Amino acid sequence: MKFRSTRNRASPASLSEAICAGQAADGGLFMPETFPEDAVQGAEGARDLAAFATAFLTPFFAGDVLEEALASICSEAFDFPLPEICLADDLSVLELFHGPTGAFKDFGARFLMACLDRLGDPAAPFTVLAATSGDTGGAVGCAAEGRSGLRAVILYPDGRVSPYQAHQLSCWGKPVTTLKVNADFDSCQKLVKSAFGDPGLTRRHRLTSANSINIARLLPQAAYLAFTSVRHQARTGSTPSLIIPSGNLGHGVAALIARACGAPISTIVLATNANATLHDWARSGRYMPRPSVVTIANAMDVGTPSNFERLEAGHPDSSGLIVVRVDDDAIRNRIRADHARLGYTWCPHSACGAEAYARLRQERRGQNWLIAATAHPYKFADIVEPVTGEAINPPATLSAVLDRPMQAEDCPADLAALTAYLDS
Ligand SMILES: *Cc1c(COP(=O)(O)O)cnc(C)c1O
């Protein structure tokens, strides 16, 4: 299988080239050349998620240097449960937050780190640079811990993440280091971009990015969405429709890939927060990126979805996508209502999905819905607890983070300081 840029379909890359580069040389994003329509068929009957993912992803790894390692990569990345909780006759929740850092980012981060570790050389490891304001940094740090083919440097905006998040970003052992940057998130991201813009620095440290433009984050997401849709169909006899809380659109594109590969998925709904770019595009057909607005579902505060280019490329087919936009008041009301009515507690991101379901009166008739619950509500307890009036018990994995010592170094928001740090 080859991977081609969304901009220029000439000069395809191998899978591992696409993983190491992150982005194509022409500025586009890598996509698989084809979507094998029988990938799901080949995976049916697998005994568990890791085995299913191995079979499902085999065509994408065919001919690559990572081909032989696929099964072990999948058993590392898919080593936690993925329960489906039934809330009503036509509604289930797909809980994607049972990984070690409590968000679905664990799947993609573990898969990507497992790939890079095997492609890297302990004598000249990759340096994964991750600017983060939310769930990615913790997931990357956790997934990078103990590896030898890479090191990870996490940058976060000091004083602009919750105390729990700060802990989760700063508690990982070698080869992970955390820099708290005295600036806002946009400046952190700009700093990382300017590092990638320095060819000498990039070469010296084999810099690579962990954000969701990397195809190795989308493929495992497509695998678990295919797995769960097959499981749902086997259990209920009906083809599920998916609701995906969306920001940078990695998860949404993964759902399209799963469907294109034969997964039994009917309608796909993208639920966003107040950031209106996708909603306006779905209505008007015009894509107008803009600065993000701050919401209580902050992992989706995106005004310029970085995977939009993949959606727009029309390959796989994205027709019929529905976008529902949910503002902060509606998020709070949905958390309150479903806590009272169903006894279920959403995180603010997943609550956008639940609200989208509640609004889809016409389309939803006769369909079975699966809402992707993207984070454990405990990660956003400061928002959720005042709304429900009830304390959230942390799962053991999330409270274990608080027992680890924090270690983060201060870093000014300039490239000279970051360069000095990397070279030291
Ligand atoms: C990252 C994230 C999202 C958005 O996912 P995208 O792939 O960027 O669309 C939604 N919810 C949570 C909790 C997240 O961390």
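Grid points are joined across faces, edges and corners, and a volume is the space filled by probe spheres set on the points.

I noted that this is a predicted model, in which local features need pLDDT of at least 70 and side-chain atom pairs count only at pLDDT 80 or more, whereas totals for chains, interfaces and linings use all residues. Residues are numbered from 1 along each chain as its sequence is written, and side-chain values use heavy atoms, with hydrogens and water left out.

**Entry: cavities**

I searched the whole structure and found two cavities of 30 Å³ or more. The largest cavity has a volume of about 60 Å³, and its lining includes Ser246, Gly247, Thr272 and Met300. I sorted that lining by class (Ala, Val, Leu, Ile, Met, Phe, Trp, Tyr, Cys and Pro count as nonpolar, Asp, Glu, Lys and Arg as charged, and the others, Gly among them, as polar). The lining of the largest cavity came to four nonpolar, six polar and no charged residues.

The second largest cavity holds about 30 Å³ of space, and I listed Leu91, Arg334, Asp338, Arg341, Trp346, Ala354 and Tyr357 as its lining. By class, this lining has four nonpolar, no polar and three charged residues. Which helix gives the most to the lining of the second largest cavity? I found that α14 does, with three residues; for such labels, helices (H or I, at least four residues) and strands (E, at least two) are DSSP runs, numbered from the N terminus.

β12 (residues 368-373) runs parallel to β4 and is joined to it by five bridges, with Glu95 standing opposite Ala373.

**Entry: Ser350**

I looked up Ser350 in helix α15 (residues 348-359) and found it buried, with a relative accessible area of 1%. Leaving out residues up to four places away in sequence, Ser350 touches Pro245, Ile371, Ala372, Ala373, Thr374 and Ala375, contact being heavy atoms within 4.5 Å.

**Entry: the parallel sheet**

Next I traced an open sheet of five strands, whose order is β8-β5-β6-β7-β13, with parallel pairing. β8 (207-209) and β13 (409-411) stand at the edges with a single partner strand each, so one side of each is left without a neighbour in the sheet. Neighbouring strands here are turned by 30 degrees against each other on average, direction ignored.

Helix α5 (residues 105-119) packs on this sheet, touching β5, β6 and β8, and its direction makes about 155 degrees with that of β5. Helix α6 (residues 135-144) lies across β5, β6 and β7, at about 155 degrees to β6. Both angles rest on axes that are lines fitted to C-alpha atoms, for helices over the stretch in contact, and angles run from 0 to 180 degrees between N-to-C directions.

**Entry: a pocket beside these strands**

The second largest pocket has a volume of about 240 Å³. Of the 16 residues that line it, those closest to its centre are Val176, Thr177, Thr178, Gln407 and Tyr421. β7 gives the most to this lining, with four residues, and by class the lining has seven nonpolar, six polar and three charged residues.

Conventions
1 Å grid on protein atoms, 1.4 Å probe; cavity = no way out; pocket = protein on both sides within 12 Å on 5 of 7 lines; lining within 4 Å. Pairing = 2+ DSSP bridges. Buried < 20%, exposed > 50% of the residue type's maximum accessible area, 1.4 Å probe, protein only.
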